[in-house]
Amino acid sequence: MHKGVTGSTVHSFYVMDGPEPAGYGNILGRLAKLRIKRKRVKYMQAAIYSRKSVYTGKGESIENQIEICKQYIAANLPDIPEDRILVFEDEGFSAKNLDRPQFQKMLDAIRQGRFQYLVCYRLDRISRSVGDFAKLIEELNELDVAFISVKEKFDTGSPMGKAMMMITSVFAQLERETLAERVRDNMFMLARRGQWLGGTPPTGYLSEKTEKADVNGRLKTVCKLKADPDEIGTVQIIYQEFLELQKVSGVYGRLIDRGITSRNGRWFSKPGIKQILENPVYCIADKQARDYFIAQGSDVCFSEEDCSDTLGLLSYHKRDYKKKGAPRLDRSEWIIAVGKHRGIASGRQWVAVQEILEANKPSSPQTNAYNDYSLLSGMIRCGQCGRRMFARLRKAKGTGSLFDYICDGKLQGGTKVCGCRNLNGRQTDALVCETLMQYAKEDSSICPLLEKLKRDIQREEAANPLEKTEARMARRRSEIGNLVIQLSQPGVGHALLREISNRVEELTAELEQLTAEKKRMEESREAIAGKHLQLDLIANALSSFQACAKQMSLTEKRTLIKLLLQRIEWDGENLHLFIYGE
C-alpha cells in the first residue's frame, strides 16, 4: 500500500498488478478531484482574464479591465491577497472562439486546481458564443471554480447568477450576429456607391488607396481602381480582337503571335480571356449598359441621369461565398454600380461581346474531340505540356484520309506554346489496337495480373469487418438504453447517478468513434465494389476486343479502349500506354 498526501489530509489507495477492475478508473478520477479540492482550500487563488481585440478608445483597455477586477476582488473577496492573483491577457484576439494563447494557458492552470475564482471585467471578454460559454461554465462547475463578471455583477456561485449568466451569453451572441449583419449591410452600401472593396484588381487596373473625410470629419481609407499603363492596352487588344474574330481561341492565338503575356509572365489561358470579356468592370456605364443589366434583372444602383461616357461599372455579389467553391450567381443576383475608374468598352461593344459569347456556347459541355476517321482523338496527352492531342487531317493534296495527332497548345498557339512533334495518326491507331490484341490473348501477362488484382481486392474486403463494427454499435446502444432506464428509477443516489452519467458519456463517445469507423468502412466497401466492377469490365473488354475488334465501329472501339487504358502519353519520341492494373 502507498500513501498519497494532499494538503493536511492523508488518503490510502492500493497499487494493483494486472488489469484494472471495472470502475477503477472512475475511483481514481474521484480521488484526483478530491485531492484538487483539498489543495485549493490551502492555496486559494483567483485568475483575472482580460481581452481586447482592437483599440477603440472607449476606456476598456486591458490595464483598465485588470484594475477594475482587482478592485472587485479586494472589496468582495478579502481572503485573497494580491499576491495570490494571477493575470492572463490576450490582446488582438476576438471572442468568436476560445482559441487564444493566454486563455488556453489559464484553462490549463484551472484544470490543475490552481484557482477557485475566475474574474473578468465583462462577459464578452470571455466569449460571444453560447456553445463555447456553456461548455466553459459546465467545466468550471465540475472543478468548483466560480465565474465572476464584474460589469454584469454575475457570480456563478449562486443559482440566480448561473441563470442570468446563460441569458446574457445569448444576448452576447445575438450582438455578435447583429454586428456581422451590420458589416454585410455596410459592404452592400459601399458597393451601391461604386467603391472598390479591395482584393486582387482585375487585369488592366491597380488598386489605389485614398483618404476621405466622413460626416464627422474623421479620415477614412477607401480604395478605388486606376488604370495600369502596362496592362490596360492588353485588355483593349483582347476586346478589339474578339469583336473581329468572334472566337476566344482566335484571341488566344493572336496574343501568342504578338508575344503578349499576363501579369505573371505566362500566356493568357482561354478561360482567363473569357473572364476578361465577361467582366463588367471594363464596360462604360452608359445607357446601353444600364438597359442591358436591367433586362438581366440585376440590381442597378444608378439612374439614367447618372450614366457616364467614361466611367466603368463595378459589380458585386457575383459569387456565393457561403458555399464551397463559391459558385457564380446568376446575373439577376448581381449589384451593378458606377465605379470611379475609366471604362474600356462602350456599353454597345460590351453587350455585343456578351451576345457573341452566348452564341458560341456549345450545346454540350463536352468538347467534341471525336470524328469519323480517328480512334484516339482527345485521348492522348502531350508529355511536354500535359494538354490533350487532337486529330487533324493533312492538308497536302493526295494524302487522302491521312491525319496527325497534334497537341492542343500547338494547335492554338503554335510552337511558342508547345513544340512537341506531331504523331502519325494511322500508325498510332494501328499500334494501340495491336498492343491491346496481344494483351487480350490468354497467354499474355494481363490475365495473371487480373487474377492477382482480384485476390488483392478479396483480401482487402476480408480486412474490412463492417458487420463486427455494427454489432459493437448495437451493444453500445443497448447498454446506454439500460443505463438511461436506471437513471429514471426513483431513489438513485448521487454517487450512483454520477457513476452512471460518466459511463453514458464514455459509451456515447465510443459510439461516435464507431459511427465514424463504420462510415469509413462503408466508403471502403463502395471503393472495393468499384474495383470489382472495373475488373469485370476490363475482362469483358479484353474478350470483346479479341473476338470482335474487326467488326467494331470507331465508337465501340473508343469505349473499350477507355476501359482498358488509364492514360496514353506521347513525349515526342515514344508513345506510352498505361493499362489499368499495371
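Q: How do the axes of H8 and H10 cross, and how close do they come?
A: In this predicted model, the axes of H8 and H10 come within 9 Å and cross at roughly 135°. That angle makes H8 oblique to H10, because only angles over 145 degrees would count as roughly antiparallel. On the H8 side the residues that take part are Lys274, Leu277 and Glu278, and they meet Trp350, Val353, Gln354 and Leu357 in H10.

Q: Which residues of helix H8 are buried, and what covers them?
A: The general idea is that an α-helix has 3.6 residues a turn, so residues three or four places apart point the same way. In H8, which spans residues 270-278, the buried residues are Ile273, Ile276, Leu277 and Glu278. Their cover includes helix H6 (232-245) and helix H7 (248-258), together with helix H10 (347-359).

Q: What is found at the start of H8?
A: There a side-chain oxygen of Ser269 reaches to within 3.0 Å of the backbone nitrogen of Gly272. As for Lys270, its charged end sits over the ring of Tyr252, 5.5 Å from the centre of that ring. Elsewhere in the chain, the charged end of Arg567 sits over the ring of Phe578, at 4.0 Å from the ring centre.

Q: How many aromatic pairs are there, and how should I read one of them?
A: A pair of aromatic rings is described by the distance of the centres and the angle of the planes. The count for this model comes to ten aromatic pairs. Take Tyr292 and Trp350, whose ring centres are 5.8 Å apart and whose planes stand at 80°, so the pair is edge-to-face. This pair links distant parts of the chain, since Tyr292 belongs to helix H9 (residues 287-296) and Trp350 to helix H10, 58 residues apart. Both Tyr292 and Trp350 are buried, and ring pairs link Tyr292, Phe293, Trp334 and Trp350 into a cluster.

Q: Where is Ser298, and which backbone oxygen lies 2.6 Å from a polar atom of its side chain?
A: Ser298 has its place in the loop between H9 and strand S10 (299-300), and it is buried, with a relative accessible area of 10%. The backbone oxygen in question is that of Arg331. With neighbours within four places in sequence set aside, the contacts of Ser298 are Phe293, Arg331, Ser332, Trp334 and Ile336; of these, Phe293 and Trp334 also belong to the ring cluster.

Q: How many helices and strands does the chain have, and what part of its residues is buried?
A: The secondary structure comes to 16 helices and 18 strands, and buried residues make up 37% of the 582 residues in the chain. Among contacts between residues at least 6 apart in sequence, 62% join residues at least 24 apart.

Methods
Residues are numbered from 1 along each chain as its sequence is written. This is a predicted model: local features need pLDDT of at least 70, side-chain atom pairs count only at pLDDT 80 or more; totals for chains, interfaces and linings use all residues. Side-chain values use heavy atoms; hydrogens and water are left out. Buried means under 20% relative accessible area, exposed over 50%, partly exposed in between (1.4 Å probe, protein chains only). Helices (H or I, at least four residues) and strands (E, at least two) are DSSP runs, numbered from the N terminus. Contact means heavy atoms within 4.5 Å. A polar contact is a pair of N or O atoms within 3.5 Å; within protein, one must be able to donate a hydrogen and the other to accept it, and residues adjacent in sequence count only if both atoms are side-chain atoms. Rings of Phe, Tyr and Trp (its six-membered ring) pair if their centres lie within 6.5 Å; planes under 30 degrees apart count as stacked, over 60 as edge-to-face and the rest as tilted. A charge sits over a ring if NZ of Lys or CZ of Arg is within 6 Å of the ring centre and within 35 degrees of the ring normal. Axes are lines fitted to C-alpha atoms, for helices over the stretch in contact, and angles run from 0 to 180 degrees between N-to-C directions. Angles under 35 degrees count as roughly parallel, over 145 as roughly antiparallel, 65 to 115 as roughly perpendicular and the rest as oblique.
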